Amino acid sequence: MKDSINLKALLSQGCNGCQQVASFALLGLGIIASLTSGLMSATDALQLFFHAENCLFIRKNLKEKIADQIMSHGAQLPDLFDALPVEEAQQEFQRELATMHSLCLKLIEDKQVAA
């Protein structure tokens, strides 16, 4: 995929707040699955999904702390490979993905309880 995902355009299409958050979480789970399986690199994920425009949209419009945390974790993934030795970076990468996965599931669970 060469084009980036525009969360503002995608999530603003007549959805209420709960639907936006749940849609974001489901989309995030798909990105995380692609990262976990190696179909997508951390750099690809940053360019596709975790870029600044989407981070700002989540922070300013969704106003959901957990969603903001997911975006922050995702935006920092490529930095792991710049800052750490390869083996350590890979281990930390897997931990970050597990954390992001758990946060996405928490968002979905929270929105189901609220509905």
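Modeller: One term to begin with: helices (H or I, at least four residues) and strands (E, at least two) are DSSP runs, numbered from the N terminus. With that, S102 is found in helix α6, residues 86-114.

Biologist: What should I know about where this model comes from?
Modeller: It is a predicted model, where local features need pLDDT of at least 70, side-chain atom pairs count only at pLDDT 80 or more, and totals for chains, interfaces and linings use all residues. Residues are numbered from 1 along each chain as its sequence is written, and side-chain values use heavy atoms, with hydrogens and water left out.

Biologist: How many helices and strands are there in the protein?
Modeller: Six helices and zero strands. From the N terminus on, the order is α-α-α-α-α-α.
Modeller: The radius of gyration is 14 Å, close to the 13 Å that the globule rule gives for 115 residues, so the protein is as compact as a globular protein of that length. That radius is taken over C-alpha atoms, and the globule rule is 2.2 Å times the number of residues to the power 0.38.

Biologist: What box do the C-alpha atoms fill?
Modeller: Roughly 45 × 30 × 25 Å, taken along the principal axes.

Biologist: Back to S102. Is S102 buried, exposed or partly exposed, and what are the cut-offs?
Modeller: S102 counts as partly exposed, at 46% relative accessibility. Buried means under 20% relative accessible area, exposed over 50%, and partly exposed in between (1.4 Å probe, protein chains only).
Modeller: S102 also has a distance to note: its C-alpha is 18 Å from that of I58, and the two are 44 residues apart in sequence.

Biologist: What share of the 115 residues counts as buried?
Modeller: 39% of them. The accessible surface of the protein comes to about 6,800 Å², and 53% of that belongs to carbon and sulfur atoms. Those areas come from the Shrake-Rupley method with a 1.4 Å probe; for residues, only the protein chains shown count as cover.

Biologist: Let's go inside. Where is N54, and is N54 buried or exposed?
Modeller: N54 sits in helix α4. N54 is buried, with a relative accessible area of 0%.

Biologist: What does N54 touch?
Modeller: Not counting residues up to four places away in sequence, N54 touches I5, N6, L7, K8, L48, F49 and M71. Contact here means heavy atoms within 4.5 Å.

Biologist: F49 is on that list. How many aromatic pairs does a search of the whole structure find?
Modeller: Three. In one of them, the rings of F24 and F49 have their centres 6.0 Å apart and their planes at 15°, so the pair is stacked.
Modeller: F24 lies in helix α2 (residues 17-37) and F49 in the loop between α3 (42-48) and α4 (52-62), so the pair ties together parts that are 25 residues apart in sequence.

Biologist: What are the cut-offs for pairs?
Modeller: Rings of Phe, Tyr and Trp (its six-membered ring) pair if their centres lie within 6.5 Å; planes under 30 degrees apart count as stacked, over 60 as edge-to-face and the rest as tilted.

Biologist: Are F24 and F49 buried or exposed?
Modeller: Both F24 and F49 are buried. F24, F49 and F50 form one aromatic cluster.

Biologist: Stay with α2. What does L29 contact?
Modeller: L29, in helix α2, is buried at a relative accessible area of 17%. Leaving aside neighbours within four places in sequence, L29 is in contact with H101, C104, L105 and I108. L29 and L97 are 68 residues apart in sequence and 9.7 Å apart in space, C-alpha to C-alpha.

Biologist: And I66, where is that found?
Modeller: In helix α5. I66 is buried, with a relative accessible area of 11%. Beyond neighbours within four places in sequence, I66 is in contact with L103, K106, L107 and D110.

Biologist: Now K63. Where is K63?
Modeller: In the loop between α4 and α5 (65-83). K63 is exposed, with a relative accessible area of 66%. Its phi is near 50°, a positive value in a residue other than glycine.
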